[in-house]
Amino acid sequence: MLRPTAAAKATAEPTRQRRIQQGFRERLAPYAYVAPFFVLFLIFGLFPLLFTFYVSLFDWDPIGERTYVGLDNFAELAHDPRFWGALRNTFSIWVLSTVPQLLLALGMAHVLNHARLRAATLFRMSVLVPYVTSVAATTIVFAQLFDRDYGMLNWFIGLLGFEHIDFTASVFGSHIMIAVMVAWRWTGYNTLLYLASLQSVSRELYEAAAVDGASGWKQFRHITIPSLRPIIVFTVVTSTIGGLQIFTEPLLANPVGGLTCGAARQCQTLTLFLYEQGFGRFHFGYGAAVGVALFVMVVIVSAINYLLVTRIRSERP
Amino acid sequence: MNPTSTTTNAPPRRRRGVGRVPFLVYVLLGLMVFASVFPLYWMFVVSTTDSATAYNLPPHVVPGGNFLHLANLVFTTVPFVGALVNSLAVATAVGVGQALLCALAGFAFAKLSFPGRNTLFLVVVLTMTVPAQLAVIPQYLIMSKLGWVDTLQAVIVPGLVSAFGIFWMRQHIGSTIDDELMHAARVDGATTWQIFWRVAFPLVRPAAFVLGLFGFVNAWNDFLWPFIVLKSPDRYTVQIAIKALQNSRDIDLGLAMSGSFLATLPLLVLFVFVGRRLVQGIMEGAFKG
Amino acid sequence: MKRVVTTAATFAAAVLLVVGCTPGSNSDTGSSDSKAFEFWSFSAINQKLEVDAYEKKHPDVDVKLTEVGSTTETAQALTTALAGGKVPDLVLIQGDDLPKFMQSPENFVDLSTLGADKIKGDYLEWVMKQSVTADGEIIGIPTDVGGMAVAYRTDLFKAAGLPTDREQVSKLWPTWDALTEVGKQYVKATGKPFIDNTPTSIFFQAVNQGSERYYDADRKLSYDKNPQVKAAFDLTLKVHAAGIAAKQTSFSSGWTAGMTKGDFAVMSAPAWMLNAIRTNAPKTEGKWDIATVPGGSGNWGGSYLAIPKRAKNAKAAWDYIAEMQAPEGQLANFLTKGNLPTTPSVYTDPRLVERTDPFFSNAPVGKIYTQSVVGIKPFYIGPNDATIGTELLNTLTSVEQGKVAPDKAWDTALANVKNALRG
């Protein structure tokens, strides 16, 4: 859809000087185009990150003194049971929220993939509704649904004859609660991603497999999954990066506990621990050290996940 | 789609299930919709009754008549209208800003060759691994140096940085704009800017629009950074207003839920109009990703 | 499509322009308009009532009140602001949070330069001591103290066969052990919990009744060695073992619901708590009464008003303090909200002495609370008090939730405190 008139209008017999000027500008153009992003990123992305590394080498009190302590903060961190607890919580919540979520999304995509589905768009839109709702709002709602004495979930549990579960008090229970909040928000989004990819899988492959006598399950394993590999890789990596940084849900789910998400830090994730140390206790240096540890972890785990998932191989039946 | 043409000469069909959709499928879909929508419905119900009723078992699932009273309380406890305006301003600025900036940079990465292009792009990708929360402390110090604490630009400007957005636009521009098109334009003597603004951008406007939508939604729902940097009630965004409601009366659930509902409503309304675009955007992105 | 984008872009640009050109709210106050100031308070104490009263008396003054959040959140916001952001002109700091700020007094205006030294004598000496530095700088003016009492539900007591008259009820529990026995009786009669929780309603009360708390008289950390702290801790474990608590954490949503639904019959009630009960459970009006606390006296809570150094309008903020926290002002506050004044001169004022509260069955709140602060042995509150208290409270909450074994609780608590005090 070229608009020749515009292009032609702009270029009536450029003089040699103009051509040099333009040449110069042209060479600069790409840099100028990426410049806004990079300038902003430098100021608000890279510099703060580097500054965090710097701060982590200090015992830094924002309204008091700061003293250089080298790697002491990291040594302390290694011996701090709260750090390891937060690490455990983070991993646990990440696994509990990501694995079921992606599997469920795959299943839901399968269901949505029917050719003659009526009101398909409506269904697709409704699974995306959680994505657009406010995190703060839904955390409050879910926290109430999980309440020990008056939550709807415990009401069901009571009906079934069991004792009420105190979700916020138990480590596993609080992880489930947070995982449900996170999964609820993102499953629809991932479902749509999978659905799109499913729709591009050629029917012929399935027909050929059926002719060869492959069962539905075999077709799923050997045709569907390998075809979806790129999108599975994408969702696993982004879920990992996001899942290891969960912050808002633990912060708001247990407002009485302050920044610890539970009297015994049951659901305190690493990011929340970072925030507690930085903005709760104002140990900027220590908080920064947690941040550095978190950054390293995210990079490593993402890399591992990426490597694992790209090894899904295509097999022919 | 013609159900009778099942011969192998027909082009490969792209969906499964030629016949009637089984009832089971609709049941499952119904469950999916229910799960997606129920928490919102519950939020609405509680905001129409009051805390004491919310704490009744068996749960009271029918809306009550208390909505106006609680809504009114919301508007008088915190400057909610102001918060809505602030959120709208921030989200719009971020959405539009992101769409433009990322289109620009994405275009450069996709279609222009310049030294350092690949390295710079790698840097962009790496930044996606950095959690936003890390930078919060130094970012606050920067804002105070700039004198931007408690201003909306402190929330808008950092929000314009979206590595994912660049990734997305680069993807779209790369697959939509032919190299031949570029070449033809150059032959006609167009400058790079003209190629971008008059050729490339119009072609990827839908994708840019979707990116802007995502930016809008994310900015609307952003919590942590506004929480730290916005302090005066007349600067609150709608998410901070909800938290303030949570605090205001020792956790009055009815009030908090009412505020939560009112904060989500604008997005839901928006969703009714552009939800289809969002869905398409996600699905197209997947396709090309 | 194109039009949508263009209009959106123009709109965004317009918005940015408006937003960018709007002066930050801090330039609304200050020298251009010396009658306005910014006030940060914590929420749930209905600070708005006082602010409105002040503005009514001084129509030319504009007080921008922000209720930041809990006491801890307000202290955190203040620290963040002092570290490099916009500071308010006036800030309310809870007593446990104050010592940390006292360590860096340079962040605040020495109120004696504004006239505080003249009114210093109006306030309870042991309360004032906390906000004066070793060099004599006055950092904060006390607004109220909590005192201590126990609020109980008369209707629920009646149903359990217990007396309802407050004199009789007070006689039921001269000691904490006696309270526990009453609790067991109640549970036996009704099958429902007696007290809202043990960490706050037992531990925080008992530990605040001692002569020393987490620091000793030499201002050294002593939480682990102080027998009074251990005694309060063990007491709480004992009460927990008696199984009389509803296990609702104070200030949680289940706790506020529980007040209305009668999930518990008894809760700790320093003066400022009465307001919470009133706002959270309006339907229970007239069903409560107030009895004395076991041990007779004690103080939990109390706050101070301070002015950050970088405040734009310190004078206006000081005017507010001088007026609202003068003995008359604190008395007026008491009469509207029930907060106990820190100005002993009004303790004998007939308006305070004869004050009764209809929400609480016309209990003589003035008498009850002033009596509870008479004869207390004030202790030093140190910089890490808030942290230590939180960790001890959290450990006891974990015990109540069944997550920590009672016999391991003390060691766990000490370890948690030690961790929290790192660095």
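**Contacts between the chains**

Tutor: In this predicted model, the contact between chain A and chain C takes 25 residues from chain A and 22 residues from chain C.

Student: Which elements give two or more residues to the side of chain A that touches chain C?

Tutor: The residues on this side of chain A divide into eleven nonpolar, six polar and eight charged. The elements of chain A that give two or more residues to the side touching chain C are α4 (81–112) and α13 (270–280).

Student: Which element gives the largest share of the side of chain B that touches chain A?

Tutor: Here 90 residues of chain B are in contact with 90 residues of chain A. By class, the side belonging to chain B has 65 nonpolar, 17 polar and eight charged residues. The largest share of that side, 16 residues, comes from helix α13 (residues 253–288) of chain B.

**Chain A as a whole**

Student: How many helices and strands does chain A have, and what share of its residues is buried?

Tutor: Chain A has 14 helices and two strands. Of its 317 residues, the share that counts as buried is 47%.

Student: What distance separates the centres of domain 1 and domain 2 of chain A?

Tutor: The domain assignment of chain A gives domain 1 as 4–46 and domain 2 as 73–309. Taken over C-alpha atoms, the centres of these two domains of chain A are separated by 43 Å.

**Chain B: confidence, a helix and a residue**

Student: Over which residues of chain B does pLDDT stay under 50?

Tutor: Chain B averages a pLDDT of 79, and 86% of the residues score at least 70. For the stretch in question, the model has 13 contacts beyond four places in sequence. The stretch of chain B with pLDDT under 50 is residues 1–15.

Student: Why are the buried residues of helix α3 of chain B on the same side?

Tutor: The buried residues of α3(B), which spans residues 67–77, are L70(B), V74(B) and T77(B). They lie on the same side of α3(B) because they cover an arc of only 80° around the axis. In general, an α-helix has 3.6 residues a turn, so residues three or four places apart point the same way.

Student: Which exposed residues does the face of α3(B) turned away from its buried side carry?

Tutor: The buried side of α3(B) holds L70(B), V74(B) and T77(B). The face turned away from it carries the exposed residues L68(B), N72(B) and T76(B).

Student: With which residues is T127(B) in contact, leaving aside its neighbours within four places in sequence?

Tutor: T127(B) is found in helix α5 (residues 117–127) of chain B. It is partly exposed, with 18 other C-beta atoms within 10 Å. Leaving aside its neighbours within four places in sequence, T127(B) is in contact with F41(A), G45(A) and A163(B).

**Strands of chain C**

Student: Is strand β3 of chain C largely enclosed or open?

Tutor: Strand β3(C) covers residues 90–94. Four of its five residues are buried, so β3(C) is largely enclosed by the rest of the structure.

Student: What is the bridge partner of V91(C) in β8(C)?

Tutor: Strand β1 (residues 36–41) of chain C pairs with β3(C) in the parallel sense over two bridges, and W40(C) has V91(C) as its bridge partner in β3(C). β3(C) also pairs with strand β8 (residues 302–306) of chain C, in the antiparallel sense over four bridges. In β8(C), the bridge partner of V91(C) is A306(C).

Student: What is the bridge partner of I141(C) in β8(C)?

Tutor: Strand β4 (residues 140–145) of chain C is mostly covered, with six of its six residues buried. Five bridges join β4(C) to β8(C), and the two run antiparallel. The partner of I141(C) in β8(C) is L305(C).

Student: Why does P308(C) count as buried?

Tutor: P308(C) is found in the loop between β8 and α14 (314–324) of chain C. Its contacts beyond four places in sequence include V91(C). A residue is buried if 20 or more other C-beta atoms lie within 10 Å of its own. P308(C) counts as buried because its C-beta neighbours inside 10 Å number 23.

Note on methods
Residues are numbered from 1 along each chain as its sequence is written. Chains are lettered from A and ligands numbered from 1 in the order in which they are written. This is a predicted model: local features need pLDDT of at least 70, side-chain atom pairs count only at pLDDT 80 or more; totals for chains, interfaces and linings use all residues. A residue is buried if 20 or more other C-beta atoms lie within 10 Å of its own, exposed if 12 or fewer, and partly exposed in between; C-beta atoms are placed from the backbone. The arc is that of the directions from the helix axis to the C-beta atoms. Two residues are in contact if their C-beta atoms, placed from the backbone, lie within 7 Å. Ala, Val, Leu, Ile, Met, Phe, Trp, Tyr, Cys and Pro count as nonpolar, Asp, Glu, Lys and Arg as charged, and the others, Gly among them, as polar. Domain bounds come from an automatic or database domain assignment. pLDDT is the predictor's confidence in each residue, from 0 to 100. Two strands pair if DSSP finds at least two bridges between them.
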